[in-house]
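Here is a quick tour of a two-chain model, written for someone who likes the cut-offs spelled out. Have a look at the sequence and coordinates first.

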Amino acid sequence: MMNGWEVVIGLEIHAQLATRSKIFSGSATTYGAPPNTQANLVDLAYPGVLPVLNGAAVQMAVKFGLAIGARIASRSVFARKNYFYPDLPKGYQISQYELPVVARGSLNVMLDDGSVKTIGITRAHLEEDAGKSLHEGLANATGIDLNRAGTPLLEIVSEPDMRSAKEAVAYMKKIHTLVRYLEICDGNMQEGSFRCDANVSVRPKGREKFGTRAEIKNLNSFRFVEKAIQYEVARQVELLESGGTVVQETRLYDSDKDETRSMRSKEEANDYRYFPDPDLLPVEIDEPFIEQVRATLPELPDEKAARFARDFGLSGYDAGVLSASRELGAYFEAVVSILGASHAKLAANWVMGELSSVLNRDNVEIENSRVDPSQLTGLLRRITDETISGKIAKEVFESMWTEGKPADAIIEAKGLRQITDAGAIEAVIDGVIAANPKQLADYRAGKDKLFGFFVGQVMKATSGKANPAQLNELLKIKLGGAKDA
Amino acid sequence: MLHNLFIAELAERLSKRQISSTELTRHFLDRIERLNPALNAFITLTAEGALQDAAAADLKLGKGERGPLLGIPLIHKDIFCTDGVRTSCGSRMLDNFVAPYDATVVTRLKAAGTVMLGKSNMDEFAMGSSNETSFYGPVRNPWDTSMVPGGSSGGSAAATAARFAPFATGTDTGGSIRQPAALTGVTGFKPTYGRVSRYGMIAFASSLDQAGVFARSAADAAAVLQVMAGFDPKDSTSVDVPVPDYPAALEAPLQGLKIGLLREFFEGLEARNASLIQDTLKVYRSLGAETVEVSLPSLPLSVPTYYVVAPAECSSNLSRFDGVRFGHRCQNPVDLMDLYKRSRGEGFGAEVKRRIMTGTYVLSAGYFDAYYLKAQKVRRLITDDFRAAFAKVDLVIGPTTPTPAFAIGAKVDDPVTMYLNDIYTIGANLAGLPGVSVPCGFVDELPVGLQLVGPHFAEAKLLNAAHQFQQATEWHKQAPGGYE
């Protein structure tokens with residue numbers, strides 16, 4: 001269906017900044033408080049009140065700008081975006097329009113095929129969030145909750161550089177990783193702390209001119225971003241191929257029906273009548289301030305991934321996964337620091353494999369993991385010193401997770417210590433061979449595949465505890481030795 | 001009579017316990033009760049609260065506390081939010097609005113021990129030059145009750161002229177302190193933009209609005225400004241520069257002061273007004289000042305510039321009055337749009353609607369550059385003109401208004417003629433400069449105002465020059481007939 005068409009996507013990501021108070025008032029920003037308990041006279045836009053800029057929000061915006069190699073504006077200006085809506089108490093939103101605080105940056109995003117693509121970031125600007133209209137449980141009335149009104153947002157606007165829904169998701173995930181690294185946004189998408197609008201258009205391959213775009217509003221999960229874009233692309237292509245034209249409009253994604261629907265056309269769009277907010281002075285940012293913020297920058301995801309690959313010999317993919325969050329990277333590094341860099345690959349496999357899967361399954365954040373890095377290292381040591389096999393280790397890990405005991409205690413209690421006594425293994429092999437004369441004959445007749453059958457039988461008889469390397473070696477001798485005879 | 005005494009004289013009697021604040025307050029409340037019905041200078045009287053304030057001040061005075069404003073009654077323009085007291089801004093929109101907090105100006109004057117007698121009448125949302133746009137009816141000029149007192153702070157001006165209080169607060173966006181002060185024969189002082197906090201002052205045009213004071217002398221204005229002025233962290237546009245001792249600056253000799261006569265202010269000025277201004281120059285020269293002519297070539301553009309900038313800002317500032325959280329809400333709205341349209345349609349008067357529409361227009365896509373941006377550029381030119389003038393002179397001088405007070409109803413149907421009344425005052429607002437109007441004579445038995453404008457933060461110099469003029473003249477001591 002997509003043959004002959006190129007998809008063009010740009011994202012406007014809204015990241016709620018993790019300040020304690022609102023961007024222009026002293027109210028708290030804590031999520032989930034009873035309606036209107038975190039809205040003071042400024043948030044309620046009472047007559048006579050004035051906004052005062054929260055410096056922490058500016059600092060966070062600058063931090064983000066530095067992390068994407070952007071230009072930090074020495075002078076940026078807050079403007080009023082005028083429109084009427086009940087959850088917008090002033091009748092205007094304070095935002096930045098012509099002079100944003102952050103301009104022209106970029107971000108490298110790793111795609112599924114392992115290649116790296118640079119996505120341009122046009123700008124990032126500060127603005128205040130609106131409140132919420134509540135309809136549930138109110139007969140013939142609409143409630144207004146202004147707790148969220150005035151919460152600081154950083155709107156991150158990309159260039160139209162993405163060419164598929166997957167690229168868009170990869171970019172959004174990268175921004176998500178970055179803002180959490182920088183500790184400027186909690187990234188909580190359920191609570192709306194991180195969401196985006198997607199501008200989507202298609203054009204015939206090879207054509208330079210962009211097609212007419214539709215803007216899909218308020219996407220609050222990676223899956224919705226992907227599905228909404230896919231739907232929208234298919235809709236536009238189908239429309240164009242059947243001789244229709246795409247109209248510039250704002251659309252909403254309905255996740256229940258998996259479709260986008262028109263919200264308002266360009267003609268119906270508001271004229272926001274932007275003008276500089278006379279209640280706020282321009283934000284002046286000087287070099288010393290920028291340097292002060294730069295000094296607070298942590299190791300960034302790309303830097304961390306490069307270091308993991310270089311110092312621990314990890315693949316680009318593994319290094320990317322392990323640096324996707326600060327916490328995951330820290331956990332991995334803690335394990336490697338005890339276990340030794342020579343076993344980094346083993347540590348990486350376990351952190352990305354068993355550990356990540358139980359965390360996912362039980363919906364636990366890694367920083368709250370019931371198996372901490374030193375406990376996991378305790379288990380991995382028993383693999384490296386051949387006390388247990390990798391397979392048994394998975395069983396031990398599951399017990400560690402559920403029982404909260406150290407690896408050694410579980411290995412001892414359950415008698416899972418690997419059998420490395422050659423005599424003991426030989427005895428079991430002899431028993432297995434004796435019990436399976438038919439298979440023995442077939443094997444010796446050339447059915448090499450049956451080697452696996454014998455390994456399985458011995459493992460079964462030893463409850464998986466036989467040292468696999470020893471078992472292989474001894475079994476080969478026993479089966480082959482007889483053949484020779 | 002008590003009501004003719006100046007603030008320093010009242011403060012002395014209070015501090016010597018020759019009178020009590022309660023007696024003083026009762027005296028003014030009696031006058032208001034007797035004389036205000038002819039003037040309509042108030043929207044809300046707070047007699048009960050005033051007597052409580054006075055009792056509190058008397059208690060402090062009894063304990064030996066002293067202060068230049070302790071126990072002194074005042075009137076607040078109804079644009080300042082006053083905790084627990086209706087704050088209407090002269091509009092039906094806020095007729096039911098009881099402010100839940102005090103404006104910074106109110107807080108500061110309260111802390112100084114003042115006594116609030118009430119809230120004064122004003123043009124609706126401070127939009128007007130005659131006080132005729134008030135939802136509460138026009139204020140009448142005590143010099144001639146068929147005449148307007150000027151606006152928008154017409155109630156504060158008339159009340160000060162009628163000796164209803166020693167002083168009153170006001171706000172000046174395009175002349176709303178200086179113009180009514182001129183028309184009612186009192187001293188009206190507009191400080192530098194950012195000198196006095198705008199927090200709690202209901203916004204008309206945020207980049208122009210500035211709080212100030214009406215009094216019967218520059219010395220009184222200095223004492224009040226001393227309390228009002230200062231940085232306020234709640235107002236990002238207030239400026240953090242030290243507040244000098246204004247009263248201490250009053251007596252400095254004017255020897256060597258360079259005063260610039262604004263050429264543009266005399267073009268089209270009526271001859272009798274012009275000659276009164278010429279007379280003031282003689283006074284200043286006799287005091288040792290030097291007068292030279294200066295020109296502000298861009299100044300004639302100030303009225304059209306103002307009537308782009310101010311409506312633009314007001315159209316946005318007044319969006320919060322939507323019938324949702326406070327203020328007027330229409331009966332039985334059928335849907336959201338109906339709620340907005342009728343609440344605002346019913347709550348706002350004609351002049352406010354005119355300015356909201358003008359402002360919405362000049363900010364609209366396709367018109368923004370031609371109007372709003374252009375106006376900002378002209379505003380810059382006007383500011384530069386003033387700066388160039390202040391490189392040569394210390395202060396500039398001219399008439400406050402083109403004519404004395406005009407009749408109620410005379411200009412109400414002709415907004416452009418009404419707007420031209422502010423032709424001499426608007427420049428100082430566009431440039432953010434301090435200005436003062438002082439009485440300088442009479443034409444047809446109506447007071448005429450002299451305007452002095454200074455560089456940013458030249459309040460002390462302006463008050464000094466105004467005070468020295470008043471030391472040499474008696475114009476500021478004249479009271480309207482029936483209010484002596």
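## Ground rules

This is a predicted model, so to speak of local features takes a pLDDT of at least 70 and side-chain atom pairs count only at pLDDT 80 or more, while totals for chains, interfaces and linings use all residues. Residues are numbered from 1 along each chain as its sequence is written, and chains are lettered from A and ligands numbered from 1 in the order in which they are written.

## Chains and domains

Let's start with the interface. Chain A puts 24 residues in contact with 34 residues of chain B; contact here is C-beta atoms, placed from the backbone, within 7 Å. For the classes, Ala, Val, Leu, Ile, Met, Phe, Trp, Tyr, Cys and Pro are nonpolar, Asp, Glu, Lys and Arg are charged, and the others, Gly among them, are polar.

Four residues from domain 2 of chain A and four residues from domain 3 of chain A make the contact. On the domain 2 side, those are one nonpolar, one polar and two charged.

## Sheets in chain A

Nine strands of chain A make an open sheet with mixed pairing, in the order E2-E6-E7-E10-E1-E11-E12-E13-E14. Strands (E, at least two residues) and helices (H or I, at least four) are DSSP runs numbered from the N terminus, and two strands pair if DSSP finds at least two bridges between them. Strand E2 (71-72) and strand E14 (259-265) of chain A are the edges, each pairing on one side only. Inside the sheet, E7 (residues 116-128) and E10 (residues 152-158) of chain A run antiparallel over seven bridges, and A:His125 has A:Glu155 in E10(A) as its bridge partner.

Helix H3 (residues 222-241) of chain A lies across E1, E11, E12, E13 and E14 of chain A, at about 25 degrees to E11(A). Elsewhere, strands E4 (residues 78-82) and E5 (residues 92-96) of chain A pair antiparallel over five bridges, with A:Asn82 opposite A:Tyr92 in E5(A). Four of the five residues of E5 of chain A are buried; that label takes 20 or more other C-beta atoms within 10 Å of a residue's own, against 12 or fewer for exposed and anything in between for partly exposed.

## A helix pair in chain B

The axes of H7 (residues 218-228) and H16 (residues 459-472) of chain B come within 8 Å and cross at roughly 155 degrees. That makes H7(B) roughly antiparallel to H16(B), a label for angles over 145 degrees. Axes are lines fitted to C-alpha atoms, for helices over the stretch in contact, and angles run from 0 to 180 degrees between N-to-C directions.

Among the residues that meet are B:Ala218 and B:Leu225 in H7(B), and B:Glu459 and B:His467 in H16(B). By class, this contact has seven nonpolar, two polar and one charged residue.

Most residues other than glycine have a negative phi, and most peptide bonds are trans. Which way does the bond from B:Gly151 to B:Ser152 go, cis or trans? It is cis, with omega near 5 degrees, and B:Ser152 sits in the loop between E3 and H5 of chain B.

B:Phe125 is in the loop between E3 and H5 of chain B too, with phi near 50 degrees; it counts as buried because it has 33 C-beta neighbours inside 10 Å. A:Ser463, in the loop between H14 and H15 of chain A, has phi near 55 degrees. With 13 such neighbours, A:Ser463 counts as partly exposed.

How values were computed
Two residues are in contact if their C-beta atoms, placed from the backbone, lie within 7 Å. Angles under 35 degrees count as roughly parallel, over 145 as roughly antiparallel, 65 to 115 as roughly perpendicular and the rest as oblique.
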